[in-house]
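The following questions and answers show how structural terms are assigned. Each answer sets a value against a definition and then concludes.

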Amino acid sequence: MTNSYHILVVEDESNIRTFMKTILTSNGYTVLTAGTGEEAMGLLSSQCPDLVLLDLGLPDTDGQLFIRAVRRWSQVPILVVSARSHERDKVMALDLGADDYITKPFGTSELLARVRAALRHAAQRASGSELQVYRSGGLVVDGEKRRVQLDGVDVHLTQNEYKIVSLLARYAGKVLTYDQIIQHVWGPNAAGDNRILRVNMANIRRKLEQNPAEPQYLFTEIGVGYRMAEGE
């Protein structure tokens, strides 16, 4: 398989860098590598990759600072791949402008799925397209008709519940932080109060999930936010 996507891997550990390059290359991507933030910034400005895979623990800079610096001039999708598993690090990276976050160690399938999702979301932003139809298993979210169906039966959602579901469906496979969802649904002044979002998500899960304790469509990233299953 070949495609035109160029991916920049920013990772200071050579064995991990080589492992990620091997995975991506074998799946048809062209891979650039960097071991420092300075090297990565030079490749980013000169080669204009389609996606950046970023480790936060770089020898010459912190990855969070790297994200902030890149976002001053570029909207290239950034997928953080880091051993930092603390919720605070994930939320900060996503709020600074990272598109997604994977915690080491990670599986090959998960990495490739997140890469595909990040590239797809970037293409949607570039074309200005909104959600049209999302499908996963028995769940269908039709953005044009503003209609949600489960196993062929209409699901009756409130206006705010639909806003949440359609937002997560549009970015299926990507983690959205609590504040990102709250600002989209209730506006910037409501940011910081997760209680109303949790109540709405509980109601949505009761309507969409056969067993809310073992979700099939809507997943919680504890302390960070929510993610919808990758669409078909």
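Q: Why does Arg 120 count as partly exposed?
A: Buried means under 20% relative accessible area, exposed over 50% and partly exposed in between, with a 1.4 Å probe and protein chains only. Arg 120 has 30% relative accessibility, so this residue counts as partly exposed. This is a predicted model, in which local features need pLDDT of at least 70 and side-chain atom pairs count only at pLDDT 80 or more, while totals for chains, interfaces and linings use all residues. Residues are numbered from 1 along each chain as its sequence is written, and side-chain values use heavy atoms, with hydrogens and water left out.

Q: What makes the contact between Arg 120 and Glu 230 a salt bridge?
A: A salt bridge requires a side-chain nitrogen of Lys or Arg within 4 Å of a carboxyl oxygen of Asp or Glu. The N to O distance between Arg 120 and Glu 230 is 2.6 Å. The pair links distant parts of the chain, with Arg 120 in helix H5 and Glu 230 in the segment after S12, 110 residues apart. Helices (H or I, at least four residues) and strands (E, at least two) are DSSP runs, numbered from the N terminus.

Q: How is Tyr 29 classified, buried or exposed, and why?
A: Tyr 29 has 9% relative accessibility and therefore counts as buried. Tyr 5, at 32%, counts as partly exposed.

Q: Why is the pair of Tyr 178 and Tyr 226 called edge-to-face?
A: Rings of Phe, Tyr and Trp (its six-membered ring) pair if their centres lie within 6.5 Å; planes under 30 degrees apart count as stacked, over 60 as edge-to-face and the rest as tilted. Here the centres are 5.6 Å apart and the planes stand at 75°, so the pair is edge-to-face. Tyr 178 lies in helix H7 and Tyr 226 in strand S12, so the pair ties together parts that are 48 residues apart in sequence. Both residues, Tyr 178 and Tyr 226, are buried.

Q: Why are helices H6 and H8 described as roughly perpendicular?
A: Axes are lines fitted to C-alpha atoms, for helices over the stretch in contact, and angles run from 0 to 180 degrees between N-to-C directions. Angles under 35 degrees count as roughly parallel, over 145 as roughly antiparallel, 65 to 115 as roughly perpendicular and the rest as oblique. The axes of H6 and H8 come within 10 Å and cross at roughly 80°. H6 and H8 are therefore roughly perpendicular to each other.
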